[in-house]
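Let us walk through part of this model in questions and answers. Keep the structure in view as you read.

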Amino acid sequence: MPLIEDLLELNLVERQLRGLQSRVHSAETYARAQQRQMDELAQRKEELGTRRKQRQVAIHGHETDIGSIDERLEKLRNDLNTASTTKQYSTVLEEMNTIKATRGGTDDLILGEMTEIETIDTDMATLDGEIAERQTVLDSAHRELEERKQAVSERVAELQADRDVKAAVIPASALDTYDRCADDFDGDAMAAIEEIDKRRREYCCGSCNLNLPFNIVVQLMSNSTQLTQCENCLRILYVTPEMKAETVTK
Ligand SMILES: [Zn+2]
């Protein structure tokens, strides 16, 4: 069989295969996008968790400070009770007032941190809701993907085996060119030559309509073992059996 006919047979299988796989690919793309959004939500949750921990560490620090302050106040209260002079009494009282003011400030700091934690907890609850919703979507995306994979797996395996058989008879360099075109144009690798005006010998590429010199048409009619790609759209050009039969009989 001429090379171009072998390629056309291969192309037929290739296009069926890509058609089936594209259903799987679109489901994969969708599931990946959902996963990415899920990852972002998980990252935001982790950041909130870190901020909450930092606030708790800060509260713990303030509480330790208050513990020391209270110990000191306890001691000063004893000193106040045992003060023997007015001067001693007023010195102790002054320190107590200063320390109480500090204690009040530290209490305010703790309250501030607790308010922060409340805000973080509210954000966290909202985020958990979003994560639960996203998980539902993600689960159904994965289910859909698995279903599509299963639905086509048998046929894909058959077509892949068929393609291997069809590809085996094609010389390596021609197969190389074909594979590249099939990848670049998602299986749309070949273009039939179209007749514009037979009398004037005007022909064009069936894919991009570029006018083709007549000598290319002659060359393609002659079952050449060399592939010709359209200069413009780079697809592999071929003459349909109908056109060939018509040209031969006339
Ligand atoms: Zn073209």
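Predicted model: local features only at pLDDT ≥ 70, side-chain atom pairs only at ≥ 80, totals over all residues.

Q: What length does helix 3 reach from its first C-alpha to its last?
A: Helix 3 covers residues 172–184, which makes 13 residues. At 1.5 Å a residue, 18 Å is expected. The model comes close to that, reaching 18 Å.

Q: Why do the buried residues of helix 3 line one face?
A: The buried residues in helix 3 are Y178, C181 and A182. Looking down the helix axis, they line one face because they fall within an arc of 100°.

Q: Which exposed residues does helix 3 carry on the face turned away from its buried side?
A: The buried side is covered by elements including helix 1 (3–82) and strand 4. Turned away from that side are the exposed residues A172, S173, D176 and D183.

Q: Which residue in strand 4 stands opposite M190?
A: Strand 1 (residues 190–197) pairs with strand 4 (residues 236–238) over three bridges, in the parallel sense. Opposite M190 stands I236.

Q: Which residue of strand 2 is the bridge partner of E194?
A: Strand 1 and strand 2 (residues 202–205) run antiparallel, joined by four bridges. For E194, the partner in strand 2 is C204.

Q: Which residue takes a positive phi in the hairpin of strand 1 and strand 2?
A: Four residues lie between the two strands of this hairpin. The positive phi, near 55°, belongs to R201.

Key:
Residues numbered from 1 in each chain as written. Pairing = 2+ DSSP bridges. Expected span 1.5 Å × (residues − 1). Buried ≥ 20, exposed ≤ 12 C-beta atoms within 10 Å, placed from the backbone. Arc of directions from axis to C-beta. Contact = placed C-beta atoms within 7 Å.
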